[in-house]
Structures are given as structure tokens and as C-alpha cells.
Amino acid sequence: MRTRTTTATTGLVTALALVYALAGCSTAPDKGRTATAGPTASAPAAPGGGSGFEGPRPQDQNLLAWTGDPNDAGHVTAQSSAGVGGRITLVRIVLREQITWSNIWLGLAGLDTNAQLADCYLGVYDAKGALVGSTADISPQLMTDAIAKPLPLAKPFTAAPGTYFIALLLNGNWATNALTLKSTGAGISVNAGLTPPNLRYSSILTGQTSLPATVNLGEQSTATINTGWASQWYAVS
């Protein structure tokens, strides 16, 4: 009698063990199969309800880079010829990828049809202060069409990722509130947390009639921009 009970118990235990083993095989991952054998997990939803909105990019407007969304460049900045004539103003731009830089876009907001302009230039300095690109005299373009316009460099150049400074040089005579440029309106706050030679907006040198081959970025000054010559809007193509 004892022998039959032991035999039955042993058989029951063996059967239960077999059931558990089969169940484990059906739920455990099959290490012999590739990871693609099972169903693919869906990507997590984008933050903000799945819209995936990241804001405008230069490429959305057929541009390569810009100092900021032109939709935010609603401010108009003006300065007297005595205040900025012959003085180079610099706006920093950081490139994240290599591009061929052919044009500098400037937002011309207002015209002075009676202005007498000469020796006005846009250019590009690299992080070491070397001039790597420059336009011809843009005086004629500053007298017509108050719009955002591309001003071509005399010679396009390959711009590696890094920091650059767009330089503006104006010379001549104009009415302060007539010849105006589009800007961010950030004014003094544009340089929050920065010091020379890495100011985002600054001026350098005086009495210039052309863009020098090199500048000392350590001499960046905020004296002029703190008087209301706000950071101009630029783009690259």
C-alpha cells in the first residue's frame, strides 16, 4: 500500500515538472533566433503630444544657416553715420556642419534715398580673426529694395563647422532713422554669459574704409551696441 502511494506521488511530481518545463519553453526567449523574429516595438511618442515640432530651421527657407529665425527679427535698428561709420560690427554665428558659403543675407528695413554711401562691406571672420570672405562694396544694394536680400561674397569658401563672425562696415552719410536694418532687438542682453573674444554681438576698430585681413577679437567692444545699435539679422546661403 505504501509502495503504491509513493509511486503515484512520484508520477504526479514528474508530470507537474514536465508541464512547468513546457510552459517555460513557450515563454522564454529563443536564444537560437534573431532579434527580428518577434514583433517590433513601436517608437516612443514625441514629447508634447506627439507633434514632433522643433521650430523653424534655415533649410525650411532654402538657407544654410542664420543668426536666428527671421520671424523673430521684427526690430528695426538705426544708428547715425557718426556713431557707426568706419566701425566694424560683428555678429557671431556657429555652424554645426560644413557648408559652402556663397552669400550673406541682410535684412534691409528702410532706405535713405538721399544717403551718400561708399566703402560699405559685409564679410566673414573665423574664430582666429582671419577674414575668410568678403563682398564687394554693397553701397548700391543699401539704396534699393528694403527687403531681406542675399549679398554675394566675392569668392565663395568652404566653411568647416565652428564659430564665425559676420562683419558689417558702413561709411558715408545717412539719416539716422531712414537707413535701418532688421535685428533681433536683443540689445545688451545678446551677450549674456559671454566675454571677448566670443561676444555674440560687438564692434571693433574705427576709421576703417575696408575690412582688414585680420582683427583681434580680444578687442571686441560693447560700447556702441549698448547705445541701441541692436544685433542685426543675417543668414547664409
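## Strand S4 and its partners

Leu 106 stands opposite Tyr 234 in strand S13. This pairing belongs to a predicted model. S4 and S13 pair in the antiparallel sense, and three bridges connect them.

S4, which covers residues 99-110, also runs antiparallel to strand S8, residues 148-159, and eight bridges join the two. Within S8, Phe 157 is the residue that stands opposite Trp 101. Strand S11, residues 180-183, is another antiparallel partner of S4, joined to S4 by two bridges. There, Gly 110 faces Thr 180 of S11 as its opposite residue.

## Aromatic pairs around Trp 101

A pair of aromatic rings is described by how far apart the centres are and by the angle between the planes. The count of aromatic pairs in this model is three. In one of them, the ring centres of Trp 101 and Phe 157 are 5.5 Å apart and the planes meet at 20°; the pair is stacked because planes under 30 degrees apart count as such. Trp 101 is in strand S4 and Phe 157 is in strand S8, so the pair ties together parts that lie 56 residues apart in sequence.

Are these two residues buried or exposed? Trp 101 has a relative accessibility of 0% and therefore counts as buried. Phe 157 has a relative accessible area of 12%, so Phe 157 is buried too.

Trp 101 also pairs with Tyr 164: the ring centres are 5.9 Å apart and the planes are at 70°, so this pair is edge-to-face. The pair links distant parts of the chain, since Trp 101 lies in strand S4 and Tyr 164 in strand S9 (residues 162-169), 63 residues apart. Tyr 164 is buried because its relative accessible area is 8%, and buried means under 20%. Trp 101, Phe 157 and Tyr 164 form one aromatic cluster.

## Ser 237 after strand S13

Where is Ser 237 found? Ser 237 is in the segment that comes after strand S13, whose residues are 234-236. With a relative accessible area of 18%, Ser 237 is buried, because the cut-off for that class is under 20%.

Which residues is Ser 237 in contact with, leaving aside its neighbours within four places in sequence? They are Leu 63, Leu 64, Thr 100, Trp 101, Ser 102, Asn 103 and Trp 105. Trp 101, one of these contacts, is also a member of the aromatic cluster with Phe 157 and Tyr 164.

Methods
Residues are numbered from 1 along each chain as its sequence is written. This is a predicted model: local features need pLDDT of at least 70, side-chain atom pairs count only at pLDDT 80 or more; totals for chains, interfaces and linings use all residues. Side-chain values use heavy atoms; hydrogens and water are left out. Helices (H or I, at least four residues) and strands (E, at least two) are DSSP runs, numbered from the N terminus. Buried means under 20% relative accessible area, exposed over 50%, partly exposed in between (1.4 Å probe, protein chains only). Contact means heavy atoms within 4.5 Å. Two strands pair if DSSP finds at least two bridges between them. Rings of Phe, Tyr and Trp (its six-membered ring) pair if their centres lie within 6.5 Å; planes under 30 degrees apart count as stacked, over 60 as edge-to-face and the rest as tilted.
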